[in-house]
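Please keep the sequence and the 3D view at hand while reading.

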Protein chains: 2
Amino acid sequence: MRPERAKSMSGSMSRPEPSIKPVEMPEATDRRSRRDAKTLIEYAYKRLKTNVIRGHLAPGSKLRIEFLRKEYGVASSTLREALSLLVADSLVTVEGQQGFRVVPMSIEDFREISSLRKMMETRALREAIANGDDDWEAGVVGAFHKLNLIDLKRVNGSEALVDVYNERNHAFHEALVAACRSPWVRRFRSMLYDNSRRYGHLSVAKVGIRMSVQSEHRAIMEAALARDVELACRLIEEHIDLGLRGLAQFPPEEIAAGIPNLPTRGAPAASGRRPGKGAAGRS
Amino acid sequence: MRPERAKSMSGSMSRPEPSIKPVEMPEATDRRSRRDAKTLIEYAYKRLKTNVIRGHLAPGSKLRIEFLRKEYGVASSTLREALSLLVADSLVTVEGQQGFRVVPMSIEDFREISSLRKMMETRALREAIANGDDDWEAGVVGAFHKLNLIDLKRVNGSEALVDVYNERNHAFHEALVAACRSPWVRRFRSMLYDNSRRYGHLSVAKVGIRMSVQSEHRAIMEAALARDVELACRLIEEHIDLGLRGLAQFPPEEIAAGIPNLPTRGAPAASGRRPGKGAAGRS
DNA sequence: GTCAACAAAAATATCGACATTCGTTATTCG
DNA sequence: CGAATAACGAATGTCGATATTTTTGTTGAC
């Protein structure tokens, strides 16, 4: 069903690079998601969300309608609605006559998120383990396998591989709780997870991925499949704590700044500043 | 600072009717909130939120832009953005080319909300009791007093008094956790509480207010002021459970239907139906 | 009588122009 | 020289018209 990439790579090595389809390269993303998004609002919403989570839109920065409008090629109301939808995810705030803003990052924020995540994640996991059927197991095993195919040592440093890793890591954790049916738990968990991903990306960018992560994932998966609720919950709590600890060492201002040296794809200037007055001035 | 209502009531009776300023009568609300809303979006947002929580917009019903647009006197994009903001509160859903919809109600939904509310409410209360200063205590005592001024026996039946009661009940519970600083806990608690208010209103409309509620409130307040965390948490959990039990007796379809015999202020027809074809047809 | 294709109608989503508000800089007054 | 003020520019918020999509209603064939 996807005849487009027929003659791309015909290698036959034993285990080549982990089939990196260019997950969200700047161009590819646009085309793809614009196709399978039902509406332009949804398209803008997803793209904005990705960029916030990845840190391409700096934490705390102002989201100027006019700029993003042109950048994304949609009307102002369309973009505005997409941003409003992003408020539901607690990734963006909006205030009276003040416009939209990326939610700031801080270590206290990450602490609270991690703490609540432990509640929600375990609750979701409990339920998933109780309800999980064969399909759920298959999903977990599959997602873990895909995640495990990535050679961690090679990830640190490579932009593209980092993206793939983050994507698959996300998929694995989703698969774990896929069998949880409670809508509210799912919603809260999802909000918290999305927010925590921002810190996850930051952590990867700053200190790289810790090597123990694969074994942690494996242990969690095995406990879940063995239906050992208590163990699985304990392990996932530790997993969350380790993520927190990885960032706790940095000074607050470094965390608030987000990922450094990032070309801020789709964002105006760095933080709250104006784009600079020079350029086309006429005085 | 409010010279408007200078010569209104000069009574000097021992304890008259509990000074019912018409909290959100259909007209008054519009004027008032339209004034102190910074933007039209905020105005529409608040008004829609109130109507959803009160059940004037039936659970599960479709929110037709064109209809509400005229009703509220704002442009379609403005209303659209207000609705998008309501998605953040989990009071409204939006789906692809399908428009907006009031989130449905069900007893399972209420169960999950109540369950999660117990987590969040206790967590918020714990923190509030730990941090609470004199202002917090004053706020709690004041809110309780106002709530307690209402004669419950007289409430059941009177539309206006029900609104006042619900409003003050809300204020009391807000005051209890006002000293909680954790943004995420506050946010989640708030979402859950708003949603649970829908069921609260339904409960009041169907079975009236249980007479024990005042003593429950008093006990919670006293425990909180005495800084008895464990007792306060236990009491509030019981409080929540009692609210749930009040509705659990009804058949599912009655709960899904929302408040009966309500003129659906600001809503088109009852549920998913069209407004009727007659009127200005020209065939 | 049931189903399917087609046409009409309604509702959603999208757009770009316009009005309003806010923050900044330049100016004036004490 | 400093503070308050006024004009400017930029960004937000608001609007109604238009394009697309979905739904409804009807006709015709099997």
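## Residue classes and the predicted model

In what follows, Ala, Val, Leu, Ile, Met, Phe, Trp, Tyr, Cys and Pro count as nonpolar, Asp, Glu, Lys and Arg count as charged, and the others, including Gly, count as polar. The structure is a predicted model.

## The surfaces near the DNA strands

By these classes, the surface near DNA strand D has 5 nonpolar, 11 polar and 5 charged residues. The 21 residues around DNA strand D include A:Ile65, A:Gly99, B:Thr39, B:Leu40 and B:Ala75, which come nearest. At least two residues of this surface are supplied by each of α3 (65-72) and α4 of chain A, and by each of α2 (40-54) and α4 of chain B.

DNA strand C is also surrounded by 21 residues, and the closest are A:Thr39, A:Leu40, A:Ile41, A:Ala75 and B:Gly99. Here α2 (40-54) and α4 (76-87) of chain A, with α3 (65-72) and α4 (76-87) of chain B, each provide at least two residues. The surface near DNA strand C comprises 5 nonpolar, 11 polar and 5 charged residues.

## The contact between the chains

In the interface, 21 residues of chain B are in contact with 21 residues of chain A. On the side of chain B that touches chain A, α4, α5 (107-131) and α9 (183-207) of chain B each supply at least two residues. Of these, α4(B) gives the most, with 6 residues. This side of chain B divides into 8 nonpolar, 7 polar and 6 charged residues.

## The relation between the copies

Which rotation superposes chain B on chain A? The rotation is one of 180°, with 0.0 Å of shift along its axis, and the RMSD is 0.0 Å. That is the relation of a two-fold axis. Among the residues of chain B, B:Ala88 comes closest to the rotation axis, with its C-alpha at 1.7 Å.

Of the interface residues of chain B, 100% are also interface residues in chain A, so the copies meet through the same surface.

## A hairpin in chain A

Strand β2 (residues 92-95) of chain A runs antiparallel to strand β3 (residues 99-102) of chain A, and 4 bridges join them. The two strands form a hairpin with 3 residues between them. Within this pairing, A:Val94 stands opposite A:Phe100 in β3(A).

In a regular strand the side chains alternate between the two faces of the sheet. The covered face of β2 in chain A holds A:Val92 and A:Val94, whereas the uncovered face holds A:Thr93 and A:Glu95.

Methods: Residues numbered from 1 in each chain as written. Chains lettered and ligands numbered in written order. Predicted model: local features only at pLDDT ≥ 70, side-chain atom pairs only at ≥ 80, totals over all residues. Near = placed C-beta within 6 Å. Buried ≥ 20, exposed ≤ 12 C-beta atoms within 10 Å, placed from the backbone. Pairing = 2+ DSSP bridges. Contact = placed C-beta atoms within 7 Å. Least-squares fit on C-alpha atoms with pLDDT ≥ 70 in both.
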